[in-house]
Amino acid sequence: MVPRYIFICIYLLNIPINLLGQCWQIVLESEENFGGDVYFPSDSIGYFSDWGDELYKTSDGGFNWTISETNEFDRATCIFFLNEQTGWIGHSSRTILKTEDGGENWDEYEFANVNIGSPQDIEFISMDTGYLVTYYGGVFRSIDGGENWQRVFDSENWLFASLDFVSGSEGWIAGSISINSTTRVLHTSNAGESWELQLAAPGTGPDVDLHFLNSETGWFVNEDNLIYKTIDGGESWQTYPISENINAASPRIFFLNDTLGWATTRGPGHIFVTTDGGESWNTQSTDFPFNIWNTGIYMTGPDHGITVNLNGIIQLYQGGPANCNI
């Protein structure tokens, strides 16, 4: 790997005080478009795997980024880190890349020998146990740190986009049966041996996102500008609108606790915040001079987070929900 270093200065001292309420500031603007997934295992250490052949790493919370170029990362589609050193990247060639030294070196493992589409989401509950979903109906489980994978959902009809597990045995996956069908949420409590349909939501898939805090409280969002919330493990769901004014294409959500959360879209780039668990939403950011297509969001706390988007831009959040609403 050949690292490149990009040092970005945040010019907050030169911004008029009445503009600081925006709170989302550009810290990296690439000449090339990228998109991808972002993950922060700590407040200062973060990783971004773009859809090209580069891995971005920050050691100061997102102000500055080191870029490693390697052909191994061609079409990296999802990323997860268990701690600052150990992480996994889903790769479009049906392989998983694993690092145990903070991204300096990577081992490659195959998880499927047939074309089931790119990995869409990956998560590890421990050093040993992890799950991933692929676009064409694949749900896989590893119990040896990602070296070997067993398929635990076997259907070629489904299209999956998101997963979230709260333990080694209990979790949720989301997608749709076809690209024009109702979006759905499935639940397992026995490590994928059986699956229960918990939600069939209007709106075409499979561009959806899931976020569960624990075995009871979670959220689901699709392209209908609606967020679905459960407080009983998915047995029932309440529905709330995010916005009446935009088409929330490919939305992403992130919750820090049962009240504070964010939602963002791939277009036209709005960022929304809730302080009541998703029942109501306020717009935090719209005023960038281009059409931002957000592809990932990660918040480390109420006053710090990162979004990445398809226009080659990384945005850093500094502030708080009370003073950042438009």
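Colleague: What's the relative accessible area of Phe 124?

Modeller: Phe 124 comes out at 2%, so it counts as buried (under 20% relative accessible area, 1.4 Å probe, protein chains only). The model is predicted, so local features need pLDDT of at least 70 and side-chain atom pairs 80 or more, while totals for chains, interfaces and linings use all residues. Residues are numbered from 1 along each chain as its sequence is written, and side-chain values use heavy atoms, leaving out hydrogens and water.

Colleague: Got it. How many aromatic pairs does a search of the whole structure find?

Modeller: The search turns up 24 (ring centres of Phe, Tyr or the six-membered ring of Trp within 6.5 Å).

Colleague: Where do Phe 124 and Trp 149 sit in the chain?

Modeller: Phe 124 is in strand β11, and Trp 149 is in the loop between β13 (138-142) and β14 (150-154). Strands are DSSP E runs of at least two residues. The two residues are 25 apart, and their pair links distant parts of the chain.

Colleague: Why does Trp 149 count as buried?

Modeller: Because the relative accessible area of Trp 149 is 13%.

Colleague: Next one, then. Why is the pair of Phe 212 and Trp 237 edge-to-face?

Modeller: Because the planes of the two rings stand at 90°, with 6.3 Å between the centres of Phe 212 and Trp 237.

Colleague: Which parts does that pair tie together?

Modeller: Phe 212 belongs to strand β19, whereas Trp 237 is in the loop between β21 (226-230) and β22 (238-241), so the pair joins parts 25 residues apart in sequence. Phe 212 and Trp 237 are both buried, too.

Colleague: Nice. Which residues form one aromatic cluster?

Modeller: Six names to look up: Tyr 39, Phe 40, Trp 65, Phe 80, Phe 254 and Tyr 298 make up one cluster.

Colleague: Changing topic: where is Ser 118 found?

Modeller: Look in the loop between β10 (107-110) and β11 for Ser 118.

Colleague: Why does Ser 118 count as buried?

Modeller: Because its relative accessibility is 18%.

Colleague: What is Ser 118 in contact with, leaving aside its neighbours within four places in sequence?

Modeller: Ser 118 touches Thr 77, Ser 92, Val 133, Thr 134 and Tyr 135, where contact means heavy atoms within 4.5 Å.

Conventions: Helices (H or I, at least four residues) and strands (E, at least two) are DSSP runs, numbered from the N terminus. Buried means under 20% relative accessible area, exposed over 50%, partly exposed in between (1.4 Å probe, protein chains only). Rings of Phe, Tyr and Trp (its six-membered ring) pair if their centres lie within 6.5 Å; planes under 30 degrees apart count as stacked, over 60 as edge-to-face and the rest as tilted.
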